[in-house]
Amino acid sequence: MIGHTGTWKINLPWGWMAWAVFFVMTGYLVYPKTQNICRFVKGKMVRLYPGYWAAMCVSFLVTSVYLKEFSTSFRDFVIDLSMLGNYLGAKSVVGVDWTLSVDLVFYAIIAVVIVLKGKKNYSEARIITIWSVVSCIIMLLKDIGVDNSILKVARIIFAAQYAHLFFAGHMLRRIKEDNGNRRINLVCIIFSVIAH
């Protein structure tokens, strides 16, 4: 990308799958340690944004001075500070920061789970399963050519293209904690692999 003509001695043909593993790990690890929605949101913000902003500033400065072909406008930089730049039409400053905006959707789903905790007929697994199934239906509609502005917005709101990966990680967590029917959790993981 920046003019080096040599080749690497190591070849990682499956390296592009790192983002999929990242989303599975998020589903596995992002489990609310608190049932307080404010504490959950504050904890995620404190964990994500300072490092993200530091990386953004360094990347913006380096690309503005040394790698002008990868630089972004100041407007795009400011929009991208929200971590939602790819949803808001801004050119990405870092490049792979789109994964974090998808993570924000995952965190929003967990926030819904926290809010509904204690409500009648509440089921964390049910909410996450419904989200994953709806996301798969949205993606199937896209694949068969049914696509309109409502479905495009739904794909963004549900992070439909990646929901099954989060779902797989969540089900792996349930199996580890012996939470729920092991067979059903395993079937859910198989469903996620097929969806992928």
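M83 counts as buried, because its relative accessibility is 1% (buried means under 20% relative accessible area, exposed over 50%, partly exposed in between, with a 1.4 Å probe and protein chains only). The model is a predicted one, in which local features need pLDDT of at least 70, side-chain atom pairs count only at pLDDT 80 or more, and totals for chains, interfaces and linings use all residues. Residues are numbered from 1 along each chain as its sequence is written, and side-chain values use heavy atoms, with hydrogens and water left out.

M83 is not a glycine, yet has a positive phi of about 75°. The loop that holds M83 runs between α3 (74-80) and α4 (98-116); helices (H or I, at least four residues) are DSSP runs numbered from the N terminus. A positive phi, about 45°, is also found at A159, again not a glycine. A159 sits in the loop between α6 (149-158) and α7 (163-176) and is buried, at 3% relative accessible area.

Two salt bridges are counted, a salt bridge being a side-chain nitrogen of Lys or Arg within 4 Å of a carboxyl oxygen of Asp or Glu. In one of them, R75 pairs with D76, with 2.9 Å between the closest N and O atoms. D76 is buried at 10% relative accessibility, whereas R75 is exposed at 52%. D147 and R155 also form a salt bridge, their closest N and O atoms lying 2.8 Å apart. Here D147 is partly exposed, at 35% relative accessibility, and R155 is buried, at 18% relative accessible area.

Definitions and conventions:
Helices (H or I, at least four residues) and strands (E, at least two) are DSSP runs, numbered from the N terminus.
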